[in-house]
Amino acid sequence: ASFTISLRKVDTTTVMIKPRPGVSSSCQIRIKNILRPELKIKPGENVTFSFTCSTPEKYFIMEIQKNIDCVSGPCPFGDVHLYPPGLPRLGRTYIWDVKASTKAGLELKFSTPWLRQIEPGETCPDFISYNINSCIDTATVNIGTFCRNGSVSRVKLLGGVVLSLHLPWNSPLTTSGFNIVNRTSIKRLCIIESTLKGESSVTLMSPNYPLGFPEDELMTWQFVVPSNMRASVFFHNYSLSNCERKEERVEYYIPGSLSNPEVFKLSDSQPANIAGSFNMSLQGCDQDAQNPGILRLLFQVVVQHPQIDENVTHLVDLSKERNMTVTIHFEGWPSHVPLMSEPICLICKDPRTCDRVLTLASGTVYRISFLCKDLSQLRVTAEKGISCVDHRRCQSKIYSLSVPKAIMQLPIQLHKFIWKLLAPDLINIEITSPSLKLQQHVPEQRCNTSYSYSIVSATPETELNVGVFCPGGSIEKIQMRNNVTISLKTFGKGFINESNHQDLKMSFVPHIKDECTFTVSPNPKAKVYLQTPNWPYGLPPYVSISWYIIVPSKQIARLGFSKDRMGIACETGRAYVNIKEEPSGAEETVRREDELLPDPRNMYHNFWVNVSNCKPVDKTQLTLRFWVTFADKQIDLGIILAVVAGAGVLVAIGLTVCCVKKKKKKAQNPMVGVYNANVNTQLPGKKGLFTKGRQNNESHVYAVIDDAVVYGDLLKESNGSVAPEVDVYRPFDGPMGSLPPSPPPFSFRKDIKRSLNTEGEPPALMDTDHDTYTFAHQKSGQLEDSGDANEKDKGDTSVPLLENKEQAGLVE
C-alpha cells in the first residue's frame with residue numbers, strides 16, 4: 001500500500017519517518033523506486049511512498065512536529081488537532097513547540113478524563129503518554145510525564161512549552177486531548193491544577209523529578225476539592241539542596257485559615273483534614289555552587305468523606321511514663337508502606353495534624369482522634385527502655401512489665417509492646433512471673449493464649465534468642481547475663497481481658513555464671529517440656545545454660561531427653577550435659593557430646609540440668625529438649641519391713657537388758673546392752689557412688705558391752721549392793737545432719753565399678769535410695785567432735801560446675 005502526505009506551508013509541520021531504535025531493519029521506504037532507510041517531509045511538500053514489508057510498524061516510528069508562535073503573532077487558542085490526517089499506522093509522537101514570552105505564559109487545558117502524573121520510567125496502561133516541558137529562554141524544565149485518566153485538568157507555564165503525545169501504532173485516538181486556553185503572567189515556574197471528585201487520591205512530583213527542582217524557583221499546585229470533602233497531604237519522598245540563601249519550604253493557602261500562607265518544612269507533618277479546595281507551593285533557594293544538592297518532592301493528596309467520629313477525642317496520658325514511645329499505625333507497618341490508592345485511616349493529634357503513622361512520646365498528654373471508617377486496620381506498637389545507672393538502687397527495685405492502661409483504653413488493637421532492658425557490667429537481669437509463671441513455646445506444648453513474650457538476650461557481638469513464652473506454665477524465673485529485649489505480641493482481641501492479670505516483673509541481680517538460668521517449679525500433675533535457647537539454630541559456641549527444677553516434697557520427678565545424643569562434634573573444647581541433685585554429696589551425672597545421653601531417671605530432690613556447648617566442627621549447633629514428669633512417692637515394702645524389724649530388735653534389746661539386770665543382781669560385775677553414741681559406723685575413704693538404705697546395713701544394731709565399764713561409777717557409789725534402774729531404752733537426741741548415708745562395703749563398690757565399666761552408666765536409682773537416716777555419720781578424717789563435724793558438713797554444699805546458689809545469683 002502507498003501513502004501520500006501533503007503538508008501546507010502555513011501549518012509549519014514536519015513529518016519524520018525513521019527506524020525504530022534498537023531494531024535491525026530489513027524493511028525500507030520506497031519513493032519512485034528509490035529505497036530509503038528514512039524519510040523527512042517538510043512544510044509545503046507532497047510525498048507518496050510505500051514500504052517494502054507488510055509490517056512496517058515493527059521497524060519504523062514517526063515524529064510529527066508542529067511549531068506554534070505565540071510571540072510575534074496571534075496564538076491559536078482552542079483545540080489542538082492531530083495533523084496531518086492519513087498517516088500510516090506506525091508508533092508516532094506528536095510534538096507541539098509553542099513559543100511564548102515569559103511575561104505572558106501559556107495555559108493548557110486537558111479534556112476529560114484528564115491526566116495522571118507518573119514517575120520517569122513508568123509506563124501507562126494504554127501506552128498513551130504526555131510529556132510537558134517548560135522553555136524559559138534557553139533553559140528547559142521537564143514538568144512531568146502523564147497518563148490519561150487522572151486529576152490534572154490544567155497546566156499553566158511561564159514562557160513557552162514543548163508538549164509531546166506518544167501513541168502506539170494501533171491507538172484509535174484521533175484528538176490531542178488538550179487546547180490552548182489563554183496567555184497569562186503567573187510569575188512562577190508553573191501552576192498545576194488537580195481536580196478531585198469524591199473519595200480519591202493523587203500522586204504528584206516536583207518538576208525535573210528525580211533530578212532536582214530548579215534553583216530558587218517557585219511553583220504551585222491548585223487542588224479543587226468539593227466543599228463537603230476532606231483532603232490530607234502526605235510527603236513520601238523528598239530531598240533538600242544545600243542552600244546559601246533563603247530556605248526551602250512549602251506554603252499552603254487554605255481558605256478560612258487565620259495564618260495564610262501556612263509555612264511548613266519538608267520534614268514536617270503536612271496539613272490534614274483540610275475542608276475544601278487549597279493551594280500548595282514549593283519554594284527553592286539559592287544553592288551552593290560547589291555542592292548544590294538536589295531538591296525534589298514526591299507527595300500524595302488523599303480526599304475522603306468527613307468521619308462521623310472525627311470530633312471524638314481519646315485521652316492518652318503518658319505524663320508519668322519515662323523512656324517510652326507509642327506508635328499508632330496501619331497493619332503491616334513499617335515493612336510495607338504503599339502509596340495510598342484509596343481512602344485510608346488517619347490518626348490526628350490535633351484537627352489539622354494527621355497521618356497514617358503517629359508517634360507519641362512519654363511525659364506528655366495527648367488527645368487524639370481518628371479519621372477512619374474501620375479502626376480494625378490500625379495497630380499500636382510501644383517501646384519502653386529500662387536501664388540501670390546506680391547498681392545499688394537498681395538491685396533493690398522491682399519493675400513491672402505490664403502494658404500501661406493509657407494504651408489499653410484506646411479503641412485499637414495492641415500489636416506489640418517492647419521492653420529494652422539495659423544492664424551495666426557485672427549486673428544481670430532477672431525476669432519473674434510469680435503467679436502465672438511462664439510456659440516455653442515448644443512443639444509438644446504450644447502457646448494458645450492471646451499473647452506471648454519473645455525474649456532475646458544480646459551483646460554488641462552476639463545475640464541469644466532465649467525463646468517464646470506465654471503465661472500459664474512452670475517457669476518462675478529467668479536470669480540472663482546481657483541486655484535483654486522482651487517483646488509482648490498479641491493475638492486477637494482476648495488480650496483486652498487478659499491484660500488485667502499480667503504479672504511479669506523485672507529486676508537487676510548480681511552477676512551469674514551461665515548465659516541464662518531458668519528456675520522451674522512445675523505443677524505436681526504437669527508434664528513440662530523445656531528446650532535450649534536459639535531453637536532451632538542451636539546454642540552459640542561456648543555458651544552454658546542451666547535449669548533449676550523444683551521437686552514437690554511428696555513427689556518424685558522423672559527426667560528424660562527427647563533424643564539419645566547431643567548430635568554434634570566438637571572442633572574446640574567439649575560439650576557437656578550435667579545433672580545434679582541439690583543435696584550435698586548427691587551423685588552427679590555427666591555426659592559428653594560423644595556419649596549417650598542419660599536414660600529417663602527418677603529425681604527425689606530439687607535438681608540442676610546444665611548444658612554447656614563447645615565450638616562445633618560444622619554448622620550444626622547444639623539443640624536439646626527434655627521433659628520432666630512427677631509421681632507421688634510410694635511407701636516401699638522394704639522400708640516397712642525394716643521399721644518392723646527395727647522395732648523387734650528394740651523390744652528384744654529391752655527384754656535382754658531387763659533379764660540381764662535381774663540375773664546380774666547377784667553378781668558383782670553385771671553385763672548390760674547399751675547404745676554407744678561415740679561409735680563411728682562409717683568406713684574410711686571416699687563416699688560411694690550409690691547410697692545404701694538403713695535396712696541394708698547394721699548401723700542401727702547395738703553392741704553388747706560389759707556393764708561394769710558403763711555403770712562402774714554407779715556400782716562404786718552403791719558399793720555394789722544396789723543395781724541402777726537402766727532397763728528403759730532412751731532414743732538418740734543428738735544433732736541430726738543432712739549428710740548422705742554411709743558408703744557401701746568395698747566389695748559392693750567393686751561390683752558397681754565393674755558394672756560401670758561394662759555398661760557405661762550406673763543402674764537406675766531405686767525408690768529406697770532416699771531414706772532418712774536417724775543417726776548422723778562422720779566422714780573419714782573428720783574430728784570426732786560431732787558439733788565440728790556437723791558444721792563442716794553444712795558448709796559442703798557446692799554444686800560442681802554450677803557453684804553454690806549465692807554465686808549463681810539464686811539466693812531467694
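## Cysteine 470 and its partner

Cysteine 470 is buried, with a relative accessibility of 1% (buried is under 20% relative accessible area, exposed is over 50%, and partly exposed is in between, using a 1.4 Å probe and protein chains only). Its partner in a disulfide is cysteine 447, with 2.2 Å from S to S; a disulfide here is a pair of cysteine sulfur atoms within 2.5 Å. The link of cysteine 447 and cysteine 470 is left-handed, at -90° about the S-S bond. Strands (E, at least two residues) and helices (H or I, at least four) are DSSP runs, numbered from the N terminus.

A word on the model: it is predicted, so local features need pLDDT of at least 70 and side-chain atom pairs count only at pLDDT 80 or more, while totals for chains, interfaces and linings use all residues. Residues are numbered from 1 along each chain as its sequence is written, and side-chain values use heavy atoms, with hydrogens and water left out.

Cysteine 243 belongs to strand β21 (residues 243-245), whereas cysteine 285 is in the loop between β25 (278-283) and β26 (286-287), so parts 42 residues apart in sequence get tied together. Cysteine 243 is partly exposed at 35%, while cysteine 285 is buried at 1%.

Then there's cysteine 570 with cysteine 614, sulfurs 1.9 Å apart, left-handed with -85° about the S-S bond. Cysteine 570 is in strand β48 (residues 570-572) and cysteine 614 in the loop between β52 (607-612) and β53 (615-616), so this pair bridges parts 44 residues apart in sequence. Cysteine 570 and cysteine 614 are both buried.

## A four-stranded open sheet

Four strands make an open sheet in the order β18-β27-β20-β24, with antiparallel pairing. β18 (200-205) and β24 (274-275) are the edge strands, each with a single partner, so one side of each has no neighbour in the sheet.

β18 pairs with β27 (residues 293-304) in the antiparallel sense over six bridges; two strands count as paired if DSSP finds at least two bridges between them. Within this pairing, serine 201 is opposite valine 302 in β27.

## Salt bridges

The structure has 18 salt bridges, each a side-chain nitrogen of Lys or Arg within 4 Å of a carboxyl oxygen of Asp or Glu. One of them pairs aspartate 126 with arginine 148, the closest N and O atoms being 3.3 Å apart. Aspartate 126 is in the loop between β11 (115-118) and β12 (129-136) and arginine 148 in strand β13 (residues 139-148), 22 residues apart. Aspartate 126 is partly exposed at 27%, and arginine 148 is partly exposed at 27%.

Aspartate 216 and lysine 246 also meet in a salt bridge, at 3.0 Å from N to O. Aspartate 216 is partly exposed at 29%, but lysine 246 is exposed at 53%. Lysine 420 and glutamate 383 pair up at 3.7 Å, N to O; lysine 420 is in strand β36 (residues 413-422) and glutamate 383 in strand β34 (residues 378-387), so parts 37 residues apart in sequence are tied together.
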